[in-house]
Amino acid sequence: MNDKNTAIIELAREIVKETESRTGSVESLVFKAHRLAVMTNNANYMEWLNLEKFGYSDKEPDLKYMRMTGRTYN
């Protein structure tokens, strides 16, 4: 396994461990998940987690992600 794949697996395990043990803050988990999305080049997750990090607006594509996560909006 190459270094990038090893780093991806290690970060994913860290996120799962922190989530299951409830030791990490939500903010920390969002930042780590965004880093994982960048490492795996997953544009959809990068976009969504970027909104989670910095906030939503009342425009698309933000509304799409707000609906997906069950958030309400006017």
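Trainee: What should I know about the model and its numbering?
Mentor: This is a predicted model, in which local features need pLDDT of at least 70 and side-chain atom pairs count only at pLDDT 80 or more, while totals for chains, interfaces and linings use all residues. Residues are numbered from 1 along each chain as its sequence is written, and side-chain values use heavy atoms, with hydrogens and water left out.

Trainee: How many helices and strands does the protein have?
Mentor: There are four helices and zero strands; helices (H or I, at least four residues) and strands (E, at least two) are DSSP runs, numbered from the N terminus. The order of elements is α-α-α-α from the N terminus on. Along its principal axes, the C-alpha trace spans about 45 × 25 × 15 Å.

Trainee: And what share of the residues is buried?
Mentor: Of the 74 residues, 22% are buried. Buried means under 20% relative accessible area, exposed over 50%, and partly exposed in between, with a 1.4 Å probe and protein chains only.

Trainee: Which residues form the largest nonpolar core?
Mentor: That core has five residues, namely Ile8, Leu11, Ile15, Leu29 and Leu36. A nonpolar core is a set of buried Ala, Val, Leu, Ile, Met, Phe, Trp, Tyr and Cys residues joined through side-chain atoms within 4.5 Å. In soluble globular proteins, nonpolar side chains tend to be buried together.

Trainee: What does isoleucine 8 touch?
Mentor: Not counting residues up to four places away in sequence, isoleucine 8 touches Leu36, Met39 and Thr40. Contact means heavy atoms within 4.5 Å.

Trainee: Turning to H2, which of its residues are buried?
Mentor: In H2, the buried residues are Leu29, Val30, Lys32, His34, Leu36 and Ala37. Their cover includes H1 and helix H3 (43-54).

Trainee: How do the axes of H1 and H2 cross?
Mentor: The axes of H1 and H2 come within 10 Å and cross at roughly 155°, so H1 is roughly antiparallel to H2. Axes are lines fitted to C-alpha atoms, for helices over the stretch in contact, and angles run from 0 to 180 degrees between N-to-C directions. Angles under 35 degrees count as roughly parallel, over 145 as roughly antiparallel, 65 to 115 as roughly perpendicular and the rest as oblique.

Trainee: And H2 against H3, how do those axes cross?
Mentor: The axes of H2 and H3 come within 9 Å, crossing at roughly 155°, and these helices are therefore roughly antiparallel to each other. Residues of H2 including Phe31, His34 and Val38 meet residues of H3, among them Tyr45, Met46 and Leu49.

Trainee: Why does the length of H2 agree with expectation?
Mentor: At 1.5 Å a residue, the 14 residues of H2 should span 20 Å, and its end C-alpha atoms are 20 Å apart, which agrees. The expected span is 1.5 Å times one less than the number of residues.

Trainee: What happens just after H2?
Mentor: Just after H2, asparagine 41 takes a positive phi of about 55°.
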